[in-house]
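Dear colleague,

I am handing over the structure shown below, together with a short account of what was found in it. Please read the notes with the structure open beside them.

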Amino acid sequence: MKKINQQRRGFIKLAALFTAVPFIDSVSKRGQLLAGTISTFSTSLVKNGEVLTAAHWGMLKLTLKDGKIIKSEPYQKTSNIKNSLQHYTDDLVYAKDRVKYPMVRKSYLDNPDSPKPELRGNDEWVRVPYEKAIKLIAKELKKTRKEKGTKGVFAGSYGWKSSGNMHNSRVLLHRFMTATGGFVGTVGDYSTGASQVIMPHVLGTIEVYEQQTSWPVVLEHSKVVVIWGANPLTTLKIAWSSTDENGFKYFEKLKKSGKKIICIDPYKTETCEYLNAQWIAPNPNTDVSMMMGMVHTLLEAKKYDESFLSEYTEGFDKFKDYLYGKEDKIVKDAAWASKICGIDEKTIKELANLFYDNRTMFMSGWGMQRAHHGEQPHWMLVTLASVIGQIGLPGGGFGLSYHYSNGGVPTTKSAIIGGMTSNIEVSKKYTGGSSWLENAAKYAFPVARIADALLNPGKKLDFNGKQVTYPEIDFIYWVGGNPFSHHQDINTLIKAWKKPRTIVVNELYWTPTARMADIVMPTTTSYERNDITMTGDYSNLNIVPMKQAVKKQFEAKDDYQIFSDLAKEFGVFKKYTQNKTDIQWIEEFYNQAYEQSVKMNLKIPTFKDFWKANKPITFEAPFENTQFVRYSDFREDPILNPLGTPSGKIEIYSKTIEKMNYDDCKAHPTWFEPSEWLGMKNKKAEFALISPHPRHRLHSQLNNTSLRDKYAISNREPIWINTEDAKAKGIKNGDVVRVFNKRGEILAGAIVTNNLKKGVVRVQEGAWYNPLNKAEKNSLCINGSVNILTKDIPSSKLANGNSSNTALVNIEKYTKKAPDLTIFKQPS
């Protein structure tokens, strides 16, 4: 059974990056003019009462009084594990840092042909009428298209846009660019940049966004559960669409199951504590060596599944030669591994035997592959699981998505709401008749290389067996994301961001990215418009109406209205809109599900009744789906059910990668020394820095809400430091500290703990970048944005994923008065 609802961003097929749906503002005059092709429904707002909606963090019940949101709470309760993100809708709608009006940077408004891009982030803002802003954007985009062509326009816009199949800002942007001449796009993502490229070579599938062996099977058959580099109690608070929240229920059952649970992570996570799991804390970036030591242990003890390796894998003998040091004369045994990973030899051997002797499920996270040579950890994990030989057996093998979007929650028998792709035929007036897909496929680069691309037009990049040439980008249009929080080495990104002539951002708040733009268009929150979504990226559990709760704030517009008005300036309004309002699109997408339901003998209400009822439609999982075992068909008959690799088997040795002849990604799993790590000689910094997903945010989302009061330390982003390390530095709980390396410096608030490996510090990603001095190069970030410190280097030539968890830093107590934050206020 494969994942049915493909809403998460993908990599293998470029077009999949840009699927979803475009829509129109139902309460605008334009919406009134377009109404009439489909039956109309009441979209009047509830002044006093309750409204159902949804967000990445689940279905929400909003309480309104006098037209204002006064309470936000979860619509359902699936377990006793609470989701802290579900109570701050009013903070989002009524935020003090809302972008209220269309704004243009003064120097840009004065002369768009010579806009002084060096002043981005440190210039005055000028309020302009909406119509003037639209005409200015259109004029400058046409100018770039005329002078630079498709290669001059970037619309990669990567980020966690709002939930909802209609108001998907990224797709709306891409649809507009499609209709007006194409654009430079990106491939891949920051979350799984390395694994989503290596896994198709190893397993023939992207793997990281696939359904997992069903939780009921794990609970029945697994004897040992290993959570390797993951923190599900944090990351299961969200989903790419909207979380079905059932992952928490299964982790609650796992806790009560009595199974042996092991968490392998430099930090003793909330999940580890909740499950009362055994904590194993390796040095960051050394998991590959640890796994190799385990494999060597099993081979020496003759505790490996020889028949599985022979029948289901390709090239193990060549990997074995490497393991035993045939060429480099280094045997990768447990003693060798111990010196690298920091786990004693005895423990490595005990774990190896435990995993082989019991039905073991490896639940791996993604943090270990967001690193230099990040292609190796999951490749090596698959190799370890192959040696043990339990892949395809109930409760055995591995899964790369139990921590994300509730992987393992059984897939329901459900009808799927529709959507619209952005791959429409482009107007001949602007492109000479070529399609967007051709343009985007021709002009795309790995998403984590954005700064490199801006700084080095014309540079050739090795990538997955091919070469990509960076275009010269003159115009950036960014929506639905915040690169000045999620991209590595922000100081280098700032330098790169000052290269293009024009940068336009659609945004709800004055994020660091909005402040680095030339034109900022105010957009609505998802609570100020109608939409529709499903919960459960894998389960497809519910269809949920996302009813508009409150009126649009200030001069905020739906992204669709903005792009519809821009489309009009290019003469492609009808092509872009198809003359439909948002509620008409919603009904059309729902009706696609309704038609499916009739064929499947499922009973769901008509759209009119569904919308009026203001309740979700919930589907049931058939028994056979509760018994799903990943790779069971392959194990049963590898000839009739081959994998999508060249050999049809698990490729421990890849001849395809061998032909690429990369020095930083060999044809089999390999231990490479990271560019910065605790074991390197002549370190310029003392501590290994890890930057996991935040516990109380969705990346940078919600950083500007009062939820921040629950986790900020001395009004700064927290930094965790080991008790012994803190004592040596004279640092106590609550102290403001300076964290620094050659790339930059931040202030953070210290949390002193025994739950972190000595020599490691931990800062969660996503804090908004707040420079002390906007005019100063490499200014101190006073809010603690960790990506000031991380390295912007590719994982390898194969994937070019980001390497955010490969970094060393120094830390010291900050003795000056900590400056007041400014990032959550309106700019001047």
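Please bear in mind that this is a predicted model.

I begin with Asn800. The backbone oxygen of Lys797 lies 3.3 Å from a polar atom of the Asn800 side chain, and the backbone oxygen of Asp462 lies 2.8 Å from a polar atom of that side chain. Asn800 belongs to the loop between strand 30 (760–762) and strand 31 (808–813). Is Asn800 buried or exposed? Its relative accessibility is 2%, and because buried means under 20%, Asn800 counts as buried. Apart from neighbours within four places in sequence, the residues in contact with Asn800 include Glu375, Pro446, Arg449, Leu461 and Phe463. Gln76, by comparison, is 724 residues from Asn800 in sequence, and their C-alpha atoms are 40 Å apart in space.

The next element is helix 15 (residues 345–357). With 13 residues at 1.5 Å a residue, helix 15 should span 18 Å; the C-alpha atoms at its ends are 19 Å apart, which agrees. Which residues of helix 15 are buried? They are Thr347, Ile348, Leu351, Ala352 and Phe355. Viewed down the helix axis, the buried residues fall within an arc of 135 degrees, so they line one face of helix 15.

Finally, I turn to the second largest pocket, whose volume is about 720 Å³. Its lining consists of 36 residues, of which Ile494, Met516, Tyr769, Pro771 and Lys774 lie nearest the centre. Helix 21 (490–497) and helix 22 (512–515) each supply at least two lining residues. The largest share, four residues, comes from helix 21.

With kind regards

Technical notes: Residues are numbered from 1 along each chain as its sequence is written. This is a predicted model: local features need pLDDT of at least 70, side-chain atom pairs count only at pLDDT 80 or more; totals for chains, interfaces and linings use all residues. Side-chain values use heavy atoms; hydrogens and water are left out. Buried means under 20% relative accessible area, exposed over 50%, partly exposed in between (1.4 Å probe, protein chains only). Contact means heavy atoms within 4.5 Å. A polar contact is a pair of N or O atoms within 3.5 Å; within protein, one must be able to donate a hydrogen and the other to accept it, and residues adjacent in sequence count only if both atoms are side-chain atoms. The expected span of a helix is 1.5 Å times one less than its number of residues. The arc is that of the directions from the helix axis to the C-beta atoms. On a 1 Å grid over the protein atoms alone, a cavity is a set of points where a 1.4 Å probe fits but cannot get out, and a pocket is an open set with protein on both sides within 12 Å along at least five of seven lines; lining residues have an atom within 4 Å of a point. Grid points are joined across faces, edges and corners, and a volume is the space filled by probe spheres set on the points.
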